[in-house]
Amino acid sequence: MLQPGPECGGTEYEQYYDIRRPRVWGFAQTRAHGSGWMVLHDLHVLPYVGSRKGRPSCMADRKREVSEPGYYSLHFSDCKVQTEITVSKYVAHYRFTFDPQDGKGRILIDEQAGPSYWDAKAGEGRLSSAESAVSDDRRTLTGHLRVRSNVPEREVFYKMEFSRGAASV
């Protein structure tokens with residue numbers, strides 16, 4: 001079951017929603033890790049305009065934030081993006097509206113979102129393997145991840161369809 005939402009609190013080892021924190025690091029998809037402790041890994045999506053240096057994040061405009069059952073909306077003031085999310089049991093629909101005067105919109109897809117704590121303890125990475133493919137028209141991205149941490153290995157599958165083809169991948 002999908003439970004998409006912003007990750008904006010915590011540390012490198014834990015991430016969660018915290019209205020007091022102004023920066024959003026990305027939108028998690030499953031929250032299979034529960035609240036506040038990302039031991040099961042998640043796939044993050046972060047829309048932005050321009051370039052991002054360091055740890056990617058965007059400034060949330062909390063005055064324009066809307067949260068209702070099945071719908072979420074947030075404007076990023078520095079990234080110049082309006083984000084809307086609607087959900088069903090198995091699908092999250094995102095709509096990113098980029099400010100056309102600020103250059104080309106970009107979407108960061110982070111397949112390794114989560115803490116590095118377990119890596120240091122186990123001496124190995126969380127991501128066992130990753131496969132992704134882009135369609136010929138560059139409008140569909142599919143992927144498959146094998147993830148491990150302090151629980152048995154699990155698999156994450158995703159498919160993303162875009163209204164426009166990507167200029168670069």
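Mentor: Three strands form an open sheet in the order β12-β13-β14, with antiparallel pairing; strands here are DSSP runs of E with at least two residues, helices are runs of H or I with at least four, and both are numbered from the N terminus. Two strands count as paired if DSSP finds at least two bridges between them. The edges of this sheet are β12 (127-134) and β14 (154-161), each of which pairs on one side only. On average, neighbouring strands of the sheet are turned by 10° against each other, direction ignored; the axes behind this value are lines fitted to C-alpha atoms (for helices over the stretch in contact), and angles run from 0 to 180 degrees between N-to-C directions. Between β12 and β13 (residues 140-147), which run antiparallel, there are seven bridges. Within β13, R146 is the residue that S129 stands opposite.

Residues are numbered from 1 along each chain as its sequence is written, and side-chain values use heavy atoms, with hydrogens and water left out. The model is predicted: local features need pLDDT of at least 70 and side-chain atom pairs count only at pLDDT 80 or more, whereas totals for chains, interfaces and linings use all residues.

For the setting of this sheet, the secondary structure of the protein comes to one helix and 14 strands. Of the 169 residues, 37% are buried, where buried means under 20% relative accessible area, exposed means over 50%, and partly exposed lies in between (1.4 Å probe, protein chains only). The accessible surface is about 9800 Å², and carbon and sulfur atoms account for 50% of that area; such areas come from the Shrake-Rupley method with a 1.4 Å probe, and for residues only the protein chains shown count as cover. Taking contacts (heavy atoms within 4.5 Å) between residues at least 6 apart in sequence, 44% join residues at least 24 apart.

A further open sheet has five strands in the order β4-β7-β8-β9-β10, with antiparallel pairing. Its edge strands, each pairing on one side only, are β4 (23-24) and β10 (92-98). Working across from β4, two bridges join that strand to β7 (residues 58-68), and the two run antiparallel; here R23 stands opposite M59. Five bridges then connect β7 with β8, again antiparallel, and A60 faces F76 across this pairing, standing opposite it. The hairpin of β7 and β8 has two residues between the strands, and in it G70 takes a positive phi near 85°. Six bridges join β8 (residues 71-76) to β9 (residues 81-87), also antiparallel, with Y72 opposite I85. In a regular strand the side chains alternate between the two faces of the sheet.

A search of the whole structure finds one: C58 is joined to C79, with an S to S distance of 2.0 Å. The link connects distant parts of the chain, from C58 in β7 to C79 in the loop between β8 and β9, 21 residues apart. Its angle about the S-S bond is -95°, which is left-handed. Both C58 and C79 are buried.

Rings of Phe, Tyr and Trp (its six-membered ring) pair if their centres lie within 6.5 Å; planes under 30 degrees apart are stacked, over 60 edge-to-face, and the rest tilted. By this rule there are five aromatic pairs. The rings of F27 and Y72 have centres 6.4 Å apart and planes at 65°, so this pair is edge-to-face. For F27 and F76 the centres are 6.0 Å apart and the planes lie at 50°, so the pair is tilted. Because F27 lies in β5 and F76 in β8, this pair ties together parts that are 49 residues apart in sequence; F76 is buried, as is F27. F27, Y72, F76, Y94, F96 and F98 form one aromatic cluster.

Finally, Q112 belongs to strand β11 (residues 105-113). Its relative accessible area of 48% makes it partly exposed. Q112 and L43 are 69 residues apart in sequence and 6.9 Å apart in space, C-alpha to C-alpha.

Conventions: A disulfide is a pair of cysteine sulfur atoms within 2.5 Å.
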